[in-house]
Each structure stands twice: as C-alpha cells, then as structure tokens.
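Open the model in your viewer and keep the sequence panel beside it. The stops below say what to select next and what is there.

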Amino acid sequence: MPESDLPLIAAAAREAGAVAMRFWKANPQVWEKPGLGPVTEADLAVNDLLADRLRGARPGYGWLSEETPDDAARLMCDRVFILDPIDGTRTFIAGEKHFAISIAVVEHGRAIAGAVYLPALDRLYTAEEHGPALRDGQQILCADRAELAGANLLMSKGFLEPQHWRHPPPDLKRSFRSSIAYRLCLIAEGSFDGMISTRDAWEWDIAAGSLIAARAGAAVSDRHGQALQFNSAAAKTAGIFTAPPEVHRKIIASFKT
C-alpha cells in the first residue's frame with residue numbers, strides 16, 4: 001500500500017498557518033489578479049512553504065495551486081497536490097478569522113486525502129478516502145436531517161428568489177462564509193444543513209473540503225448532481241452542492257441549474 005499522505009499534508013497545513021499568521025493583521029502587501037480577485041504577499045509566502053514541504057516530500061506528484069502558474073504535466077501524474085494557500089483572501093485582508101489553508105491529494109480524479117486548516121482559530125479538519133472526517137482529531141458527522149424546508153444553507157442571498165426553484169421556494173435560512181473550503185467543513189461538522197454554489201468552482205477551493213464533507217456523511221456533487229472529478233485541464237467543476245443525502249436529493253430535484 002502507498003504511504004498515507006494525510007500526516008504530511010496536515011503537518012504542512014499547520015506549518016503554513018504559522019506563516020500566514022505572521023502577515024495577518026500586519027498590513028500585508030495586496031494587489032489584484034485580473035479577473036481573479038486580490039492576492040497578498042501572505043498567499044505567496046504560504047504557497048512557497050507548501051511547495052517546499054510537499055513537493056520536496058513527494059517529487060513525483062503533480063501540482064495544482066491557485067498561486068502557481070499551471071503546468072499541464074500534472075495531467076499525466078497518478079497523484080496530484082491540489083491546494084489553495086489562503087482560501088478567503090478578502091477575509092484575511094479584513095483581519096477576520098475565517099480564512100483557510102486547503103490541501104488535497106487527488107488520485108486518478110478523486111480526492112483521497114484532505115486537510116483544511118484555519119490558522120486564526122487553530123482548527124484542523126482532515127479526512128482520508130476510507131476513514132472518518134475529523135476536526136482536531138475528533139470524528140465529525142453532517143447534520144441528521146431529511147427535510148429541505150427550514151434548512152440553514154450556506155449560499156448567496158439571490159438563491160432565495162423564486163426563479164431559482166422549480167416550485168415555490170422552500171422556507172430556507174441562509175448563511176454565508178467567504179472561504180468555500182471552510183463552508184464544506186461546516187457542513188461536515190453539522191453546523192449548517194447544506195451548501196449551494198452554482199458558479200464553476202476552482203478545484204483548489206473544494207478538493208479537500210469536499211472529501212471531508214463526504215467522509216462526514218454528506219452527499220457532494222456538482223450542480224447537476226454528478227460526482228466531482230478533479231485534476232481536469234480546466235481545473236474547475238460545474239459548481240458544488242453539499243448536504244445530508246436526503247436534503248441533497250431534494251435540492252437537486254428542486255433547484256434550477
């Protein structure tokens with residue numbers, strides 16, 4: 001059996017978190033990436049640290065990071081690191097706590113290990129393909145819920161509008177968090193009942209968190225209800241829907257995509 005990658009990525013996430021915290025609330029340099037939003041010197045410093053630790057330990061793995069120019073060579077690799085050095089950069093710039101470091105290992109299109117670390121909270125979520133989802137080493141499970149009506153979903157406010165639903169929209173509560181990786185972990189631990197995101201999702205935002213949510217018992221799919229596949233040439237999926245299985249089924253049946 002190949003060596004588990006989870007201890008490696010979990011340790012790297014914590015080490016990278018210490019780097020991020022040196023810049024947090026310290027007025028880091030910020031600039032805009034055309035069409036992709038802000039990036040800071042902290043994003044790049046974290047990316048450099050992770051590249052050193054992860055690629056140094058697994059030189060045969062491919063690499064897909066938001067802060068590294070893409071290299072199509074990853075498409076030929078059996079295993080690939082897919083990561084976002086800081087997910088929720090706007091939150092980080094604002095000095096808020098809910099930004100995350102997201103690292104996944106993907107094998108032949110599926111996530112097999114994932115770590116999402118929130119440095120300002122010192123909170124680590126992890127999972128492996130055949131193991132439980134954990135928060136700081138303790139098992140977590142998604143909400144035990146079957147009804148869509150009354151569910152508290154992480155989603156944009158506009159999704160409450162009737163035009164997004166095939167029937168009159170259900171009575172839903174809406175919440176939001178900037179980091180999509182953190183949103184997925186909040187579903188995994190049962191703090192919210194699901195998540196709707198119809199926009200194409202960058203793989204580095206969702207690869208780790210989607211595995212954690214799935215291993216916590218949630219159903220995870222793209223906006224069409226199809227299984228997620230990673231390490232694609234475009235590095236995107238067709239949105240992401242996540243919820244306890246019966247709630248997920250009802251969202252897919254009711255929501256216009």
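Strands here are DSSP runs of E of at least two residues, and helices are runs of H or I of at least four, both numbered from the N terminus. That numbering is used at every stop, including the loop that holds Ala235, between strand 14 (219-221) and strand 15 (236-237). The model is predicted.

**Stop 1: the whole chain**

Show the whole protein as a cartoon. Six helices and 16 strands make up its secondary structure. With a radius of gyration of 17 Å, close to the 18 Å that the globule rule gives for 257 residues, the protein is as compact as a globular protein of that length. Along the principal axes, the C-alpha atoms fill a box of roughly 50 × 45 × 35 Å.

The protein exposes about 11300 Å², and 50% of that comes from carbon and sulfur atoms. Of the 257 residues, 55% are buried. Among contacts with a separation of 6 or more, 60% join residues 24 or more positions apart. Colour by charge next: there are 28 positive and 32 negative charges, and their mean positions are 6 Å apart.

**Stop 2: the largest nonpolar core**

Hide the surface and select Ile82, Val116, Tyr125, Ile206, Ile212 and Phe230. These residues have the most contacts inside the largest nonpolar core, which has 39 residues. At least two core residues come from each of strand 4 (79-87), strand 5 (100-107), strand 6 (110-118), strand 7 (123-128), helix 4 (180-188) and helix 5 (203-215). Helix 4 gives the largest share, eight residues. In soluble globular proteins, nonpolar side chains tend to be buried together.

Which residues does Ile206 contact, leaving aside neighbours within four places in sequence? They are Ile180, Leu184, Ala201, Leu228, Phe230, Thr237 and Ile240. Another core, of 32 residues, lies apart from the largest one; among its members are Val19, Phe81, Phe92 and Ala113.

**Stop 3: two partly exposed loop residues**

Select Arg166, in the loop between strand 10 (152-154) and strand 11 (173-175). Its relative accessibility is 44%, so Arg166 counts as partly exposed. Not counting residues up to four places away in sequence, Arg166 touches Ile252, Ala253, Ser254, Phe255 and Lys256. To check one of these pairs, draw a line from Arg166 to Lys256: the two are 90 residues apart in sequence, with 6.1 Å from C-alpha to C-alpha.

Move to Asp70, in the loop between strand 3 (62-65) and strand 4. Asp70 is partly exposed, at a relative accessible area of 45%. Leaving out residues up to four places away in sequence, Asp70 touches Trp63, Leu64 and Ala233. Glu96 is 26 residues from Asp70 along the chain, and their C-alpha atoms are separated by 29 Å.

**Stop 4: two positive phi angles**

Most residues other than glycine have a negative phi. Select Asn27, in the loop between helix 1 (6-23) and strand 1 (30-33). Asn27 is not a glycine, yet has a positive phi of about 55 degrees.

Then return to Ala235, in the loop between strand 14 and strand 15. Phi of Ala235 is also positive, near 60 degrees.

Technical notes. Residues numbered from 1 in each chain as written. Predicted model: local features only at pLDDT ≥ 70, side-chain atom pairs only at ≥ 80, totals over all residues. Heavy atoms only, no water. Rg over C-alpha atoms; globule rule 2.2 N^0.38 Å. Buried < 20%, exposed > 50% of the residue type's maximum accessible area, 1.4 Å probe, protein only. Contact = heavy atoms within 4.5 Å. Areas by Shrake-Rupley, 256 points an atom, 1.4 Å probe, with all protein chains shown as cover. Lys, Arg positive; Asp, Glu negative; His and termini not counted. Charge placed at Lys NZ, Arg CZ, Asp CG, Glu CD. Core = buried A, V, L, I, M, F, W, Y, C linked by side-chain atoms within 4.5 Å.
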